[in-house]
Amino acid sequence: MLKELRREFGLIFLIPKNIYLPLSVFGIIFLIFLILDFDESLTYGSSFIASFITIFIISENTFKEDYAIGYIEQKLCENDNLVFYLLAKYLANLILVYVPMTLLAYLINGFSNEYLLELFFAYLIMLSTLSFFFNLGSAISIKRNNSLNALLIIPLLIPFIILVEEIFVAGKLIPNLNFLMAYFVFATSFINYAIIQILKIQSK
């Protein structure tokens with residue numbers, strides 16, 4: 001596990017654009033909506049749209065390079081656990097990309113002071129869940145090199161999008177945070193299990 005973490009952190013630090021590019025895309029899209037001078041509720045909506053587009057863009061290359069150089073195939077041949085591989089990728093992005101994105105969203109738009117920690121946590125869970133689903137799309141399209149195939153998983157996100165709207169736009173945090181956590185647990189378990197099986201099939 002530590003070996004995988006060192007590798008993923010090293011890959012991100014060796015290529016700085018893996019950090020500043022998603023943050024730049026997120027900030028630019030977010031600021032565009034703010035310049036358009038939407039009201040507060042739509043500003044929260046713009047935050048989700050900016051997150052949605054940013055996570056979609058960065059997920060495109062989640063497995064592409066590792067597949068191209070044969071790293072995934074090597075791990076399968078050595079019977080290494082792909083769970084640690086996926087976990088290391090997630091933790092590296094969580095610390096170096098998702099947490100800064102959440103701080104940027106707070107600095108630009110702000111969260112309700114009454115539920116500041118809860119909203120901060122919910123925003124991180126939202127970004128994490130989005131990443132799991134788009135990584136599934138990335139795994140599906142790894143051979144065809146067509147990121148548009150990732151759009152096939154968007155129907156699975158419809159209930160999730162409704163939850164996010166209820167939390168960040170309607171302000172109904174307490175009754176919906178548990179449902180958001182349930183969606184996160186579903187994505188963490190079933191979606192990542194599906195990713196592992198698809199990577200095994202794609203590497204044959």
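This is a predicted model: local features need pLDDT of at least 70, side-chain atom pairs count only at pLDDT 80 or more; totals for chains, interfaces and linings use all residues.
Local features need pLDDT of at least 70 and side-chain atom pairs count only at pLDDT 80 or more, while totals for chains, interfaces and linings use all residues. Residues are numbered from 1 along each chain as its sequence is written, and side-chain values use heavy atoms, with hydrogens and water left out.

The protein chain is built from nine helices and zero strands (DSSP runs of H or I, at least four residues, or of E, at least two, numbered from the N terminus).

| Item | Value |
|---|---|
| Buried share of the 204 residues | 45% |
| Accessible surface | about 10,600 Å² |
| Carbon and sulfur share of that surface | 67% |

Buried means under 20% relative accessible area and exposed over 50%, with partly exposed in between (1.4 Å probe, protein chains only). The surface comes from the Shrake-Rupley method with a 1.4 Å probe.

Now the inside. Beyond its neighbours within four places in sequence, F63 is in contact (heavy atoms within 4.5 Å) with residues including I72, Y85, I195 and L199.

On helix 1, E4, L5, E8, F9 and I12 are buried. Seen down the axis, they fall within an arc of 125° (taken from the directions from the helix axis to the C-beta atoms), so they line one face. On the other side, L2, K3, R6, F13 and L14 are exposed.
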